[in-house]
Amino acid sequence: MQGSNTPINPEFADLVIEEAYNPYRECIQGLANEPITVRMIVERADTMLRGEPGFEGLGDYSLSEIVARLVANRPRVAIIQGSADHPAHLLDHEHMLRVAARIWQNGGVPFTFGVPVICDGTAQNNIGQSYSLVSRNQTAATVNINFEGHSYHAAYVLSGCDKSPTGVLSGLASAARARTAPGRGTAPAWAMFAPSHVLRGGTIPPGTRDRLRAIEDKATAAGDPQLAADIAENARYILQCSSDEAFIGQLKRAVSMGLIDRTEQNGILDELAAATCHENGGVCAFNGTGNSSRTLVASLGLTPREVELLTDTPATKIVNTAVDQFFRCFNRPDFGLLEVLAGNYANAIRIHGATGSSTNLMMHMPAIMRYAGFDVTLSDYEAVANAHDVPDIFAHSLTEGRDTFALAQQFEAGHNRGMESIYKVLSNLGVPLNLDAPTMTGHSWRERTADLDQPVSPDLPEERAVIRARPVREISGTDVLRGNFLSTAVLKVAAMSDSQYKTFDDRVFVVRYFANEYDCNADLTDPKLMDKLRKIPGLDEAVLARLRAVNGGDGTGDFDAMIEDGTLAFAFVIGGQGPKAYGMPEMFSPSQNLRHHGVLERSSILMTDGRYSGVTKGACIGHVTPEAYEGGAIGALVDGDLLWVRLGGKGLDILDREHFLAGEKSPMTELPLAERADIITERKRMMDQRQLEVASSSLMDEVTDAERGVVPGSVDRRATHPSPITGKARAAA
């Protein structure tokens, strides 16, 4: 029997997708195969929602009705889920069924598929990190294959954490670009992102806190008040996997000093782990890559206000509102994914800066645009960031009750409107934004914020507000650094305190080189680290005297005093971590060990051709390009080299030692690559050997560098459409 093809929601009674070709009419196999998958989803949604107050029912969802909708070219909407072994996706199933129900009520045809999602926290400091970035590209391919292979019109994405949101968006963007090819005859692709709810941070159990205090007392008695202070400081943070990682480094220091044994260390870590995550899961409450991705998809206009900041899985009413807005965008080419990305990209760059988001996005943002076919690189980001200063308006804190869960609570209480408030605040502060850019609510930002007279409620005390109507400080965002031994590197200015930024500007650092993060961790957690640093070659009295003269001291002091006052500062350099060498893992563990080591935090920086976690704090320079594996000079640095860092001038150079001793800070005009050829060759051999640890299926040997988003070569070659920033297209590599 032929189905009625009549939706329950009359607003969309006549909605069919306008396109020249319908594969579910022209090819019988899809029409025969897919209706049973649709029926199962709708039936399960009906079972879950039946009896819920206000539920209107789903009417006829027989196979005949499904066939009728497919033949009529009703909207085919894929609901993209994550895997349940990732905390952010624990409640995807319930959310998906609510979305499926509303799609059916609106006359559409709901489908669903899931993608694996690697948890960066679980993968930290082990081989898993070599699979993290490549998972983004593999997710993009998987999403594109399903989206194109089953001819979906649109995707409602249950957006989670880590690399998944940008991977999904990249895959959809690639499909959207392919659909513009002459002869396809298909409609644009539409996409809406509904970020997962925020994970409530844990609390250190009282007994565990007592055990940590006992270690603090022992450290003080043993003559190491710094370790005691470091543990006490870390205990102020909400309990998250990130703070757990810092405790590992601190407890290792305690074990090395004989204050506790390994059994007690592991017992404390086990207690912390069991108290960390709330059983409902969600995206961790720090402003790492997960919440930065939430901010990104919202700033790109892909997220309706109702589902932007949640503390639990959304109620049916909220889901219905979001899906209805999505349906109103169908058959409107100006709300297609490519148009939304192009219109909002510069906005997203400025909002990335104003919210202090993850440096990982410095690769993900150009990657998304290259998947979308736009010739965008890190230089486009740099051009937007340099064109107009953007203030910090995000008072995010893991110690002062202003984490992302608190932000979500403020959002739910009506104290802010999430991304709409951010747009309004920045606009009020004179930051140039394209307020006429389209968003997937069917409205522009100008329309969405027209009634927002007070972007942050005056009923919320300013000291508690995460989003601020007045700037927190003038410096913010992530800077692109350039120098004589690199093309580019990135530094998250937002992760540095004002005093740290001022102290590290125009400073000379002594290099301590490591071939991997494990050796760096061993040094940073070694109580005898200072003795190792004393033995760095070339660190003689003449160099120390010059460092005292140029690094802001009073010209006096021995080795220990110079470290204490910061006139002797070190650059801990980890090479061989780039995408082609080792998958570009995050150097989160070394960054935490540096961040929570009071003396080193005040004086030293970390630098790598790898990445950092979005929650990383302190002076951490990453994404150094070209990478060591490709011949980048970061792989030629040796202990004792002198690096001149100019944060204000966005410069990073190797200094000429002879000129430095003679009283000049002069960058080397010719790098000592020839004289260090044996070192470079040996390090390349070590990188090749270490690369064998990574499964061949996940090597990234055919990708671009970090400046071009670390995307597959095929994606890079197709990125020939003009950049929405410059209006130009450069030659593809």
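Tutor: Strand 10 (residues 620-625) is mostly covered, with six of its six residues buried. Buried means under 20% relative accessible area, with a 1.4 Å probe and protein chains only. Strands (E, at least two residues) and helices (H or I, at least four) are DSSP runs, numbered from the N terminus. This is a predicted model: local features need pLDDT of at least 70, side-chain atom pairs count only at pLDDT 80 or more, and totals for chains, interfaces and linings use all residues. Residues are numbered from 1 along each chain as its sequence is written, and side-chain values use heavy atoms, leaving out hydrogens and water.

Student: In which sense do strand 6 and strand 10 pair?

Tutor: Antiparallel, over three bridges; strand 6 covers residues 486-492. Two strands pair if DSSP finds at least two bridges between them. Val490 has Gly622 in strand 10 as its bridge partner.

Student: And how many bridges join strand 9 to strand 10?

Tutor: Two, and strand 9 (residues 605-608) runs parallel to strand 10. There, Leu606 is bridged to Cys620 of strand 10.

Student: Now the helices. At what angle do helix 5 and helix 14 cross?

Tutor: Roughly 50 degrees, and the axes of helix 5 (residues 92-105) and helix 14 (residues 316-329) come within 9 Å. Axes are lines fitted to C-alpha atoms over the stretch in contact, and angles run from 0 to 180 degrees between N-to-C directions.

Student: Which residues in helix 5 meet helix 14?

Tutor: His95, Arg98, Val99, Arg102 and Ile103. Contact means heavy atoms within 4.5 Å.

Notes:
Buried < 20%, exposed > 50% of the residue type's maximum accessible area, 1.4 Å probe, protein only.
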